[in-house]
Protein chains: 2
Amino acid sequence: MSTSTALLTDRYELTMLDAALRDGTAERRCLFEVFARTLPHDRRYGVVAGTGRVLELIRDVTFGPDELDWLAANDVVSARTLEWLADYRFTGTITGYHEGELYFPGSPILTVEASFAEGVILETLVLSVLNYDSSVASAAARMVSAAGGRPLAEMGSRRTGERSAVAAARAAFIAGFSATSNLEAGRSWGIPTMGTAAHAFTLLHDTEEDAFRSQVATMGPGTTLLVDTYDVERGTALAVEVAGPELGAVRLDSGDLPALVASVRAQLDSLGNHHTKITVTNDLDEYTIAALAATPVDSYGVGTSVVTGSGSVAAGMVYKLVAHRTVDGEWMPVAKKSAEKTSIGGKKRAVRRLNARGVATAEVLYVEAAIGGAGPRSSENARDLLHTFVTEGVIDERYTGAAGVLAAREHRAKAVAELPAEGLRLARGGEPVIPTEYVAGA
Amino acid sequence: MSTSTALLTDRYELTMLDAALRDGTAERRCLFEVFARTLPHDRRYGVVAGTGRVLELIRDVTFGPDELDWLAANDVVSARTLEWLADYRFTGTITGYHEGELYFPGSPILTVEASFAEGVILETLVLSVLNYDSSVASAAARMVSAAGGRPLAEMGSRRTGERSAVAAARAAFIAGFSATSNLEAGRSWGIPTMGTAAHAFTLLHDTEEDAFRSQVATMGPGTTLLVDTYDVERGTALAVEVAGPELGAVRLDSGDLPALVASVRAQLDSLGNHHTKITVTNDLDEYTIAALAATPVDSYGVGTSVVTGSGSVAAGMVYKLVAHRTVDGEWMPVAKKSAEKTSIGGKKRAVRRLNARGVATAEVLYVEAAIGGAGPRSSENARDLLHTFVTEGVIDERYTGAAGVLAAREHRAKAVAELPAEGLRLARGGEPVIPTEYVAGA
């Protein structure tokens, strides 16, 4: 199997390349910018995720014999373009928001500076990754806030495509989740994995007691026993009987959780199992998590809602040509004019303006007709948002792999801490918590 | 890179295996069933997709040194279980609904008969695939109906994870779409690919005319020109001027489509380009497709809505242990009792009851306590829904690869043709168009 990611793209990226190579525009130096026109409907902020994955996937955009033969057999591009693709390696420069950074409408999340030819063929791949991963991270971050410090585990692998599941686990971890059920996410990205048993394990055994005894014998009394296969009260009593005072946790996966959590806590306490925790996993989202805040729940497992972006499964980011360099070496902003899909041309510098207490007050985008234009006044408290990920084709490896994931998770924590308090409100229908201001270039 | 799919699973599948190997229940013969308790909120029927992918992915569930080392280093399972995994190959039997078949609440879409050990570790992978792919196919099938015979192209790769994009293209094709923009879907599954140029291509050039001339020079006058970068009327006039009477199509990607389509058609006709087609691609879903039915649109390109299941991105299927074989060799139905998540135990035989005109009237599930139980009366017009995909570990290759996709697409067309007319209504809030009837076994 080819490990190339080159065909994870739309056909028109290659047909545009074909025409541009023929007419000579392929070598024009271009700026492509990834941004979102709006945040998903009920969000105050978005969380950038996927950047590290993008960098690794770009490294694998190579056209080997498998790819070239298929393109030739299917008459996608000309022989001349096939030759060009055979030598393709990305040699441009990529800057953007740190993975884990917050974003707002218009934030230039990723900027690709390259020839048209090199930049255009990355569009679809870059967007697939950033849209899905950021959608998950943006939903997950709200769940983390709603949980108020109690740990969350991502366990939605079965509710998204089998490879998206790995990306979702990664994005949720960056957004502040503590662990995932997905083993490949553990192997590929170093994310802590968790999980003990499902209802099938209880049903397999002749009695619930047999199942619990087997699980405790294998995993020790500190395991989490799933107590709702038949009857929660009897299941809980049995769990304590089998595992004893060291029982780690009981898991509830059905029922009216607020009431159930309270009664199970009372039952555990009455049996002397004050240290046995309660974890809940029944179709949770940020709202039901918040609704459990007043109950003695200890941790949450979240499935469908986190891997599907809690109602906004695609973040709506676009990858737009915003400038190209003229024969004089000047950057010329370009933008389409059609109807509702306007974009703001030109290279941008992005800072987050903070007040004296370090609270974010605006996303400020300095639109520069030429590199080195205006920026914030030196007296302003503003944090620069752009980092350089790829320099002339060389990837900064600090942003990739498991280390990149950890760095992103830490970055997200710091960025969320800058949000005004109202940024963490869950209510639907809100506006971005800080405005996006465009400042014309020098 | 390992091509194994073994770690695309939840940790608890392996910890359950670990405990079951220790207590001796791992070898119990089990039936696991995939079904959906409900259809997504506004649907009359669902479309099964992903089956062929599941079969190929199961073939790649192998625990090589990479997987075993990682499991050992992370203390997921015992040394004894690692040994068992090293030899793992699925040797069970899998039956189920033909890919492309329609499904209803309770339909036994896939049944895995195997030892607990062999069956349990497939749960997450099977569900990831069937849930995502069926969600896309179920949404896509409604778009196909809404389009009333006009061709649809899937072009949503950038709005779902980069590998889910390939699966989405495949599922949409099975549901009746004609083509995809995704090249990897073309290579992997033989799906026709399409696409010519995006706005970036026009913006790259000094003028729209330069861009059109270049595209026509490379792709011929039969190409599709994107005419809405600046002004649709001028863009359309220019497209005709550049490509002449042979212009294949114009594409509209913004604006008020019903009005725009009508005016562009009139303009094309007035210029003598009666054969130039109009394709539209602006954030379409089944409702906006239907709203364009009365306009002279020729084809549709659909992105976000199809790859995100048009509001229901996970089909909600579950993989449940429904029976295991006792020491007497009898199948014993099992089912959990907790709260809202009931399931119906036991092996099932599924038929679609048809009336004399061949119209579907019910999904009939014969629940059999033992194999070979009751079935439909011979006088009934009923179509058997279960096929055998894997027999004692041997995959029937007719269901895999590009040939499997084509067979699924044809199967879907036949199954949709059996639906009562009200099954194709788009209105939200409907019920399944035929009831699911359970018949107790002999």
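The rule finds 12 salt bridges across the interface of chain B and chain A. This is a predicted model, in which local features need pLDDT of at least 70 and side-chain atom pairs count only at pLDDT 80 or more, while totals for chains, interfaces and linings use all residues. Residues are numbered from 1 along each chain as its sequence is written, chains are lettered from A and ligands numbered from 1 in the order in which they are written, and side-chain values use heavy atoms, with hydrogens and water left out.

**The interface**

- Helix 1 (residues 11-23) of chain B gives the largest share of the side that touches chain A, with 11 residues; helices (H or I, at least four residues) and strands (E, at least two) are DSSP runs, numbered from the N terminus.
- Sorted by class, the side of chain B that touches chain A holds 38 nonpolar, 34 polar and 25 charged residues. Here Ala, Val, Leu, Ile, Met, Phe, Trp, Tyr, Cys and Pro count as nonpolar, Asp, Glu, Lys and Arg as charged, and the others, Gly among them, as polar.
- In contact terms (heavy atoms within 4.5 Å), 97 residues of chain B meet 97 residues of chain A.
- About 7900 Å² is buried between chain B and chain A, and carbon and sulfur atoms give 58% of that area. Buried area is the accessible area (1.4 Å probe) that two parts lose on being put together, summed over both.
- Between chain B and chain A, 45 residue pairs are in polar contact, both residues being at pLDDT 80 or more. A polar contact is a pair of N or O atoms within 3.5 Å; within protein, one must be able to donate a hydrogen and the other to accept it, and residues adjacent in sequence count only if both atoms are side-chain atoms.

**How the copies are related**

- Chain B is superposed on chain A by a rotation of 180° with 0.0 Å of shift along its axis, at an RMSD of 0.0 Å. The two copies are thus related as by a two-fold rotation axis.

**Chain A as a whole**

- Chain A has 15 helices and 19 strands, and its C-alpha atoms fill a box of roughly 80 × 60 × 40 Å along the principal axes.
- Of the 442 residues in chain A, 63% are buried; buried means under 20% relative accessible area, exposed over 50%, and partly exposed in between (1.4 Å probe, protein chains only).
- Among contacts in chain A with a separation of 6 or more, 74% are between residues 24 or more positions apart.

**Residues to look at**

- Leu130(B) sits in helix 6 (residues 123-147) of chain B and is buried, with a relative accessible area of 0%. Leaving aside residues up to four places away in sequence, Leu130(B) touches several residues, including Val34(B), Ile109(B) and Met317(B).
- Glu392(A) lies in the loop between strand 17 (386-391) and strand 18 (394-395) of chain A. Glu392(A) has a positive phi of about 45° although it is not a glycine, and is exposed at 62% relative accessible area.
- Asp75(B), in the loop between helix 3 (65-73) and helix 4 (79-86) of chain B, has a positive phi near 60° and is exposed at 63% relative accessible area.

How values were computed:
Least-squares fit on C-alpha atoms with pLDDT ≥ 70 in both. Salt bridge = Lys/Arg side-chain N within 4 Å of Asp/Glu carboxyl O.
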